[in-house]
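Subject: Structure for your files

Hello,

Here is the structure, with notes on what was found in it set out below. Please read them with the model open.

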Amino acid sequence: MEVGGMTVLPDGFTGAIMAVESFRDGRAVLHGPGGCRGYHSFSASKYYSKAGPGDYEKYSLPFFFGQPRIPCTYMDEDDYIHGSIDKIEECLPILCADDDVFNVFIKSPGAALIGDNITDAIELAGCSDKAMAVEESLISEPFSSGYDHTVRRMIQWMDPKKKDTIPGTVNILGLPITSNDWESAFEDLKNLLEMTGLEVVSSPGAGCGREDIEKSVSAEYNVIVSNEYCARTAEYYEEKYGIPSIRFDGGSPVGFDATEGWIETVASKTGRNADRVKNLINDRKVRVFKRIKGTLYTNKVKGNDFAATADGSVLLPLTKWLFGYLGMAPASLTPNPGTDEDTAAKIRSFLRDIGAENAWRSDPLPEKIDFVFADGHTAEMLELSDRCYKGVDIGYPSLAKIGFLPRPIYGISGTMYLLDEIFGKE
Amino acid sequence: MNGALQIAVYGKGGIGKSTVSANISYILAGMGKKVLQIGCDPKHDSTRLLLDGNEQTTVLDYMRKTPPYDRHLEDIVLNGVRGIRCVEAGGPEPGIGCAGRGILSTFETLKNLGVEGLDLDVKIYDVLGDVVCGGFAVPLRNEYADGVYLVTSGEFMSVYAANNILKGIRNFDKGTPRVAGIILNHRGMENEYDMVERFAEAVGLPIVARIPRSEYFAEAESAGKTVSELYPDSDSAKEFEKISSHILSIKNGETELLGSYPLDDAEMGRIAKGERVLGNRGMPNLLPEGCLACMKTTTGKKTTTKKKIINYCAAVGAVYGCMSVTDAVIIVHGPRSCAHIMYTLKVIAEIKRGHGTDFRSSNVHSTEMDDTISVFGGAGSLEQKIRDLILEGHKSFFIVTTCASGIIGDNAMDVVNAVSNEYPELYFRIIEADGNITGDMGEGYIASAEAMLDIVDNDVISEDMTVNTVAERYLFRRGRLPDKSTADLFSELGIRINCRFMYETSMDSMKNIKKGKFTFAASDESESKSIVRLFESKTGLRVEKETLPVGLRSYKEFHKKIGNLFGIENKAEEVCKQGERKYLSEVERLKKKLKGKRVIIENRFTPDMFWLLEILSDLDVEIVKIGMGPRHERKEGLDPRYDGLGIPYAEDYDILDLKSDVDKFKPDLILTDSGLTSLDAKIMSYSRPDVGLDGVLKFGRKLANMLLVPAVEGWRLEE
């Protein structure tokens, strides 16, 4: 769904920043102009708040100026011409004075062109254990690729020492903090895994800390949520630490069917039993059945059409579930950049099987569509401008509103959220 | 030395570095060494003599054509004569793109593809003639070149270039000596050796080899081979053997590398005159900081501790300005991240505006510059984007450049001019904001106003009972009230708004802006004033001195003025009185809650706060202090309109001053525009309300509520 070509998605640069900020004790440091800072500070703060009392005073320092998230070197015209290594040298002692965090320098698009050697400056300052730099330019790369690349680079830098494998333990990979209510998603998925008897050691890229990475190398498996966000990281774990990855071939755990398929795959590969989870899912399905059947809404959504734009790993299970479970017809599907060819092929194959191959990347949208599943802004805007009856927020960015109820898209609670949104439409 | 020894060969353009590098590689390979030669010049002719005169695919071309996951080292590392591994970085055509960025990308790619895993004895980096930017200095970084050879002739400019390279090495020095020596490549001039020998002595470096001028080089070049291969017994070949042996002696620890002690300009002048110079060996680095290419010193480095911070860039301001036009397309020429940020902030504003919003007004597109485009130039992608949007039926285009496109010197103007010549009926304007290179957000905003006003049709005649407004800025004041308040102000008087310039308008409205009989500016803050001046000069229309009113006094003045202008004095007076009655009634009600309350005002960002002083005064609230914060844009002291009110004020007012005054005055409330929340006192933020009276009354109601509720809400008590 191109929405008339108006949706401008975030890219690998933003992905890199959010990846750093996804670490509990990680701090992205922006080497670039101040214009790139505001949005990212706001975004990081909204998606993973690390606010504390007295932040304004504590961070009334150069490079922070009262805002604790994503300090910035505020490059200007002179810096583009003469280089800006002096600002790096100036900020390092300030940044590294904080023992509770590690710092990762991310270059803005302009800074990436001028070749400041941040890694050398860090080494010269004796801060190599507290700071690192991602020197590569990730501009206009897919957001998910930038995220994955940066998580991997951080783990490489941390260089955890191989430990003995602890049987029955897993890491959760590929759950970005930019997914809706990722904290609830993490709780849900962790709970499901624990119900099979597995223990979650860490979640690189989703709220874990540096010390968790040290433990992560003892996990028996890596369990993949969304492959776009962790393919390279998973590969690294496999090559360096011999930790195999478990992927569900139906994509991410979105919707009852894919959640069940996901946990069954994990259980099967780990020699565990998924019956408890399946019982829980059945219980929820019964609840949904009773709720719908007991109202006037039994035919409310069947035959409605929908458009969806999301990462391929989400688009695949979502489309299948909306079609199979709710009887909704796909009108337009657009995968986000970073979707792998295999997943794209599966989506297209499914559309062919149901006679809806025209839905693949179809543009423009029909006159007014029933449902749109998209990032929060696109979903809201299409609803406000009367181009759909209901826009359902399923991705990043979604910065206009604040919420308190659980609203993830993954797992069982994710499914209930989606049902709530769909049936809440007037 | 364990691992491969890494050697960089630098020198002035055309001095023979590639020839020297290739010959050294050939000799070393003949000595049984495993060699990798990397050409770091966009001309990509370094390894030709090792590949039988053939060219190889450059790394940058390969990157352009090959997706990251499909890249393999063997595709870009070719085996040349004697098994020498060959790589060419490549780069853009002269005059476009950023070759320095290309070198950075090349090294990153080689690293990612595992070049460090190759079994090698020596790596040779053959580098572009002058170290002109950070990218070309990459081989000088400590993780690359262990040692650097300078190739020079007896011509002064090549010696000067060699000296510059020593300065470059100095910039990367961590105290480890890294200069191997000088290679003299004779041009056949008189006293050639003397010049180089004096320079070498002054900088403390050996002349490792003296390569004679010879016809053999031209013959070998034609044959696509090195002199060492074609004429192994020649004097030239013997000199290359010397260099190769020197390299191996460094590798074996028999020869030491030396420090970099470049000469200053005066000393170089003496060298040019034929004098002997002592040099700066062992002296501390007295180099002025400056551009390596021209050695101009900076006038003073801006640091974030001392100088003005540019919070947002001109590109953002330009895009926001252009976003006020609902039927134009904005193309952000740069990475997708720039357009994403600008687009998202606009969308958030639209969402908060609520129903009735028009998604189509968020019509921002990106040329999606990536790493490869940064190297090769983005003109092509910009042109393609424009043409694609023309095919979609768009008629009006604003193109804004970012810092990425600015740094690489993309000539967006030429692209836009070429396309606009083909489509004279379409409207194109380019704002070369170049990110924050041309300034901050305000400057970009003003630049966008200029770009939009070019469309004004000077033949349009004004219509009665119509007005224009100028420079109302809605983007950071979200909601339906700003839409409504200005509209109501005029509609109550039966006046139509012809064009809300820089708020929300269409191309057609701007074109016919002269239909508006009178024009009012939103405020008299400095940015609005700049736009007003621009507006007047470009349209020939006069903007009224009185701005859109906020608060009762300005509301009354405004109605008097508008009544006179349109000859509707009675109507204006009637509407005004109605508004005034409503205002006074509400103020009376609020006064009961607010009378005698005491406030401190902290002001960092709000240039005009007369409305605030007025409403506080009307509510009988006492202002015990006004503090103008350190980042306040206007440092002229208090506005004369309220200077005589006897309110104590301070400039450069910071958080410590505020805390001290809180202890001293014990105010009931602190009013701040800085977003401050953490103090032991009740705090309320303020910003300029919407036009008219409803906005200030809403502020008054909130003020009363703030004094009622607890100073710290329960949720803030959580740690």
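A network of salt bridges links Arg542(B), Glu544(B), Glu546(B) and Lys561(B); a salt bridge is a side-chain nitrogen of Lys or Arg within 4 Å of a carboxyl oxygen of Asp or Glu. Glu544(B) sits in strand 16 (residues 543–544) of chain B and Lys561(B) in helix 20 (residues 552–566) of chain B, so distant parts of the chain, 17 residues apart, are linked by the pair. Both Glu544(B) and Lys561(B) are buried, where buried means under 20% relative accessible area, exposed over 50%, and partly exposed in between (1.4 Å probe, protein chains only). Helices (H or I, at least four residues) and strands (E, at least two) are DSSP runs, numbered from the N terminus.

Before the rest, the conventions. This is a predicted model, in which local features need pLDDT of at least 70 and side-chain atom pairs count only at pLDDT 80 or more, while totals for chains, interfaces and linings use all residues. Residues are numbered from 1 along each chain as its sequence is written, chains are lettered from A and ligands numbered from 1 in the order in which they are written, and side-chain values use heavy atoms, with hydrogens and water left out.

Other salt bridges

Over all chains, the structure holds 61 salt bridges. One of them joins Lys50(A) to Glu21(A), with the closest N and O atoms 3.9 Å apart. Lys50(A) is in the loop between helix 2 (37–47) and helix 3 (55–58) of chain A, and Glu21(A) is in helix 1 (residues 12–21) of chain A, so the pair ties together parts that are 29 residues apart in sequence. Lys50(A) is partly exposed at 27% relative accessibility, whereas Glu21(A) is buried at 1%.

In chain B, Asp194(B) and Arg198(B) form a salt bridge at 3.0 Å, N to O. These two residues are four apart in helix 5 (residues 192–203) of chain B, a separation of about one helical turn. Asp194(B) is partly exposed, at 32%, and Arg198(B) is buried, at 4%.

Strand 9 of chain B

Strand 9 (residues 329–333) of chain B has five of its five residues buried. Val329(B), Ile331(B) and His333(B) point one way from the strand, and Ile330(B) and Val332(B) the other way. In a regular strand the side chains alternate between the two faces of the sheet. Strand 9 of chain B runs parallel to strand 11 (residues 396–401) of chain B, joined by five bridges; two strands pair if DSSP finds at least two bridges between them.

In chain A, four strands make an open sheet in the order 9-8-10-11, with parallel pairing. Strand 9 (329–335) and strand 11 (388–395) of chain A are at the edges with a single partner strand each, so one side of each is left without a neighbour in the sheet. Strand 8 (residues 305–310) of chain A is joined to strand 9 of chain A by six bridges, and Ala310(A) has Pro335(A) as its bridge partner in strand 9 of chain A.

Regards
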